[in-house]
Amino acid sequence: MGLEFISNPSLSKRTSLRLGGTAEVEVVVRDKQDLEALSHFLSKHPMRSFVIGEGSNLLARDGQLDLALIRAETPPGPERVEKIDDTLIVRCGAGQRLPGLLGWAQMAGLSGLEGLTGIPGSVGGGVAMNAGSYGTEVGSLVTRVRLWTPTHGLVWLDREQCEFAYRHFSTTVSMPDSLIWEVELALKEADPKKIRTTMQTNYVKKKATQPVTAKTAGCVFKNPENDSAGRLLDTAGMKGVRLGDMLFSDIHANFLVNKGHGTCSDALELIELAQTTVKDKFGVTLELEVITL
Ligand code: EPU
């Protein structure tokens, strides 16, 4: 099939926050046969590269960025690969959308992912960030991950070689410049109707407490230990604080919302203001959860 190259890809069109400038190039990989060519491209063009996924946890800088975006549109899935008692091992390409995997699991009567209802993004992004909500983290379901690096090629890593922590994924073996190619998850057989009801309940709860339909990048800051960044920001008066078209959500203070023509520089100024305010008031340093490009 061959790699596809897109010049000057717009980051505002590729991120859920809908802001940011343009990268140098986007390289679309559709087949594992193309990974050799990707390796060749990266060695010939030694610029920063970033696997973009669905762009849902990103704050992209304004202007021209010296950056190659990699998009892995990996083969179809999800698919069942093995059944061990009532546990089903499901394999899914990293480029699939996480909500699509949840929809498939619900119809297939496979339980485990319900807590992740309402989280946008790709399956690979969900693994890379160990996305989580309502007591479920992607990492808790992962049995193995297939990574690709320019030097190692495609390698399956077992669960024991993966380290998942709060919004964190790394590997015990060194895998520099790795791309998540596909992943296997352990799900349990259950009644599809029950799974659907749980997903619906979670979605209703999420919609009532988070700006799920607005242009956001999810939670901006990680929760400090034993506390909620949203609660701290809210108590510090950050809800509704606005600069240009960017503001902290009135629904949940840990979400920055782009009202239309928001810029990264406004977002960064608001982030700094929020960090200073929370530090002054509570002595707590808020760490970014969103990845700044
Ligand atoms: N709260 C406020 N004001 C706010 C927001 C929250 O007072 O503006 C209070 C809530 O009332 C509640 C507490 O803070 O008592 C915790 O709030 P919530 O249940 O909304 O959870 P959270 O800690 O703010 C975390 C994750 C979310 C995840 C939810 C649900 C982080 C940074 N956030 O939010 O994940 O959806 O739990 O499990 O870990 C994300 O990571 O992008 C994200 C959205």
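Reply: The model is predicted. In it the protein exposes about 13,800 Å², and carbon and sulfur atoms supply 49% of that area. Of the 293 residues, 47% count as buried.

The overall dimensions come next. The C-alpha atoms fill a box of roughly 50 × 50 × 30 Å along the principal axes. The radius of gyration is 19 Å, which agrees with the value near 19 Å for a compact globule of 293 residues. The secondary structure amounts to 7 helices and 19 strands. Among contacts with a separation of 6 or more, 63% join residues 24 or more positions apart.

As to the interior itself, nonpolar side chains in soluble globular proteins tend to be buried together. Here the largest nonpolar core has 31 residues, and L101, L113, V127, V142, V145 and F169 have the most contacts inside it. At least two residues of this core come from each of the helices α3 (98-108), α4 (123-128) and α5 (192-209), and likewise from each of the strands β7 (87-93), β11 (142-149), β13 (162-165) and β15 (179-189). V145 illustrates the packing: beyond its neighbours within four places in sequence, V145 is in contact with V127, V155, W156, L157, C162, F169, I180, E182 and V183. A second, separate core comprises 23 residues, including F221, M238, F248 and V290.

The charged side chains complete the picture. There are 32 positive and 35 negative ones, and the centres of the two sets lie 6 Å apart.

Notes:
Residues are numbered from 1 along each chain as its sequence is written. This is a predicted model: local features need pLDDT of at least 70, side-chain atom pairs count only at pLDDT 80 or more; totals for chains, interfaces and linings use all residues. Side-chain values use heavy atoms; hydrogens and water are left out. Helices (H or I, at least four residues) and strands (E, at least two) are DSSP runs, numbered from the N terminus. The radius of gyration is taken over C-alpha atoms; the globule rule is 2.2 Å times the number of residues to the power 0.38. Buried means under 20% relative accessible area, exposed over 50%, partly exposed in between (1.4 Å probe, protein chains only). Contact means heavy atoms within 4.5 Å. Accessible areas come from the Shrake-Rupley method with a 1.4 Å probe; for residues, only the protein chains shown count as cover. Lys and Arg count as positive and Asp and Glu as negative; His and the chain ends are not counted. The place of a charge is taken as NZ of Lys, CZ of Arg, CG of Asp or CD of Glu. A nonpolar core is a set of buried Ala, Val, Leu, Ile, Met, Phe, Trp, Tyr and Cys residues joined through side-chain atoms within 4.5 Å.
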